[in-house]
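Please read the points with the structure open.

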Amino acid sequence: MSEPFREPEMWFHAPPRPTRIPLAPVKEAKPPINLTVDGQAVTVPDGATLLDACKAKGIDTPTVCFHPNFTPVNVCRSCVVELDGSRTLVPSCSRKAEAGMLVKTDSERVKTSRKMVLEFLASSVDLSTAPELQARCKEYGANPSRYGQPEPAHAAGERDSRCAGHHHIPTGEQAQRVAQPVKVDNTLYVRDYSKCVLCYKCVQACGDEAQNTFAIAVAGRGFDARISTENAVPLTDSACVYCGNCIGVCPTGALMFKSEHDMREAGTWDESQQKQTDTICGYCGVGCTLTLHVQEDKIVKVTSPADIDITHGNLCIKGRFGFEGINNR
Amino acid sequence: MDIKVNGPEPTAAEREAVDAVLGAPVSAWSGGKRDLGKEGRIALLGGNEARAQRHLLLPTLHGVQDRFGWLPPGALAYLSNRLTIPPAEVHGVATFYHLFTQEGGAPNHVHVCDDIACRHKGGLELLQQLNQQHSGSKTVEVHPSPCLGLCERAPAALVLRSGKVAQGCALGHATVGTVGNALQPDTFPDEGTDWLQSAVPQGGDPKANLALLARVGHCDPASLDDYRATGGYIALKRAIELGGEKTISEVTASGMVGRGGAAFPTGRKWDAVAKATDSTRYVVCNADESEPGTFKDRVVMEGDPFALVEGMTIAGVAVGAKKGFLYIRGEYPLAIRRMQGAIDSAHKANLLGERILGSENSFHIEIRRGAGAYICGEETALFNSIEGLRGEPRNKPPFPVQHGLFNKPTVINNVETLINIPLILREGGTTIGGLGTQGSKGRKLFCVSGHVARPGVYEYVFGISLRQLIEQAGGVPHGRPIQAVLLGGAAGAFVGPGQLDVPLTFEGTRAIGATLGSGVVMVFDDTVDLGDTLGRIAAFFRDESCGQCVPCRVGTTRQEELVQRLRHGKPLGTAADETALLDEIGQVMRDASICGLGHTASSALQSAIKLFGPGILSGKLAEKNHV
């Protein structure tokens, strides 16, 4: 007769199932930071920047390349502030607040630097579709005309083919500019690099800050630096997926809906006649918030609010450009 | 990263050029054939592994440029695939450097220096002659070049021959004839050591008591035995015996500060890295010496390469780094060959590699070649360049000792700083710390060029005055008076004949509003049109600005326009208006630029205008004196 089956003695007991999902160990919150901005005491949370500290005190700071959703690249230098103990001015958008910092935002040094930065931009770039920057120029008393007459626009592709190294020596009688013809190589959006201030935001949006497509990058060096696809090929031959997220972050209108560009060319673009309506995109189940810009009962452009958690201002080709069907009535 | 590459199919030769640097592709992910049997459904060398190769971008671009003399789109598309780098970013990096050619053209390139030292010594004429000789040529392309670091043998030219075995050589006292000879395959007119003796005029003089330059021109730079016979590698042994902490104390005791221009205490830098929590650390040697008028690092690397290898190894031992990068500018082919030779010999003798001299310490050195960008001498731009990004400086803080190369704690030192290290450990930190003045300890190399009888690299214990140094260099030829001296290079300042008694120390030069910078002492006699020199300096900064920040990108451009207006006698408003405008441009560049290039881009100009008034730009002064 065989042995009756006996259950083996248990030697391992699994721990009881947790009643709820265990939480990550609590990180001890670092104490808030006290600093002084323009003589006023400010308290900001750990990790905040000087720009945050300025905002907390309601101090208006000009920014061009800063975008709240992106890592600061601090290249425009329009947000510089004077920091006690620092030889140079520091960019407030990226400089982290530290306890005891003494910051000045209204000193002559700060004002001069901001004025010069705005003057440099206004004298080399077309700011006609950047009303905020124009207002800043006025505010700081920038006088871009003092660098001489603007030089004529460059031929199409001329700036794209410039090489690093020795350049043609100017006579100095005309102020050099980035002016060039608009690039219209697709039916969705145009690139007018006459208006490009090289804030790097479109490269960030196309790259790992948002879209991860990497169709554009900064090429060239110095004053010849420019945003470019590989070998400056048209967008249609590049990796572009036409999400339009670069248009969403462009501060000067260098990147623009073709619909807006055409209406501006025809002189029919009129923002005072436009209504903005928020809705939810119906193309898929993500539920992106769309802001439809409507003029004379026609959708003329689509954006998404940058502070909405679902999109952070980003959309796809369908949400951003797929509105022609509604216009066809 | 799933990237989209639309470029043309690579030819067999283009594939070969890329594979020669990267090895054969291991999977379809990196541009090879898909072998389902071998890789199944998992991409070999994909994802993180592929992205971690980004630092190979610059060496691969060099490989392609060396093979064809330009960067064919097919090769770029193939290397995008191989390294998983988006083609737009490859284009962005390739267009950043002026030794890379974008358009198909000649396989050979001649770069002729027309910078501030060479342009008064026949550089402009040579450039014109070569341009005439090779106009329309399909085999040779002639380019004007910023300073080639051969100022003691002006005029200079750099010849780069492409082909299966790419060859480059730099020529001092260049003529149409010597350039022609250097264009022949398999010629290396820069080899040899004879001219090294003239590069160090003090060499062989026992009274000069040279320590840093003692071997240059007098020891075989290829011989490790010669180096060891003259006191080499005693210091490394001592450093290994002392251990990291005590080695750093020695360096601190010597009062050594960085010789690249910023004069940061070396001991403090090393200490911060040694105490970093991250155990992966790097040592980087900045040999991207591009400051116009500077050539000391080249002379040291060509004449005494083992000293630099030893200095870097000691730095690695001291801070606990296993890996060092030596970033040499692409304009120094001979220095690159000699340093590679020294690294290989040191490896064979177990002075580099795993378990150095039987100890627990390991250290490896890899050479990285720059491709023509002054800005890559800025430490954080140099990191970006090694990492395969555009050579744009990073904002500081964080500093390299916390977040440096590959975001790891990094010691980055200039060549001259590192060759002082073996000396400090051999003679003792306190001995070296006892040399020099209150604020400047030890020995300093000076690059003396321009109108002196014996240009070259000079070594002195801190304390010598500018007048004494110029006298030691033989004074101004033909007894002509000195018009001005440029201290510290294009980023430095001019001093006038009334300021020649300034002691060449950090504090002495600071007191008169100048800088020691990289040790440039460029003498201009009264025949030189300083306006032309200033025009070139303004053009230099316009060329070399990386273009990242607005103050420098547009400021250097506006500054050059202003200089040219004054040169042509067509100011906007009065000359005083223009000077006031220059002050404002200078101020915003100094205050708001990201890095040192912008901070110093107007200092030489402003110092000259302060000395001589804006009239100096019109060049009338020199015309009068011209013989």
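1. Buried is used here for under 20% relative accessible area, exposed for over 50%, and partly exposed for values in between, with a 1.4 Å probe and protein chains only. The model is predicted, so local features need pLDDT of at least 70 and side-chain atom pairs count only at pLDDT 80 or more, while totals for chains, interfaces and linings use all residues. Residues are numbered from 1 along each chain as its sequence is written, chains are lettered from A and ligands numbered from 1 in the order in which they are written, and side-chain values use heavy atoms, with hydrogens and water left out.

2. Side chains of opposite charge can pair when their charged atoms come close. A salt bridge is taken as a side-chain nitrogen of Lys or Arg within 4 Å of a carboxyl oxygen of Asp or Glu. Over all chains, the count by this rule is 53 salt bridges.

3. B:Arg394 and B:Glu387 form one of these, with 2.8 Å between the closest N and O atoms. B:Glu387 has 14% relative accessibility and therefore counts as buried.

4. In the salt bridge between B:Lys444 and B:Glu416, the closest N and O atoms are 2.9 Å apart. B:Lys444 belongs to strand β9 (residues 443-450) of chain B and B:Glu416 to helix α18 (residues 415-427) of chain B, so the pair ties together parts 28 residues apart in sequence. Helices (H or I, at least four residues) and strands (E, at least two) are DSSP runs, numbered from the N terminus. B:Lys444 is buried at a relative accessible area of 1%, and B:Glu416 is buried at 0%. A network of salt bridges links B:Arg259, B:Lys296, B:Asp297, B:Glu416 and B:Lys444.

5. B:Glu561 pairs with B:Arg558 in a salt bridge whose closest N and O atoms lie 3.0 Å apart. The two residues are three apart in helix α23 (residues 550-567) of chain B, which means that about one helical turn separates them. Both B:Glu561 and B:Arg558 are buried.

6. In chain A, five strands make an open sheet with mixed pairing, in the order β2-β1-β5-β3-β4. Strands β2 (40-44) and β4 (90-91) of chain A are at the edges with a single partner strand each, so one side of each has no neighbour in the sheet. Two strands pair if DSSP finds at least two bridges between them. Strand β1 (residues 33-37) and strand β5 (residues 102-104) of chain A pair in the parallel sense over two bridges, and A:Thr36 stands opposite A:Leu102 in β5(A).
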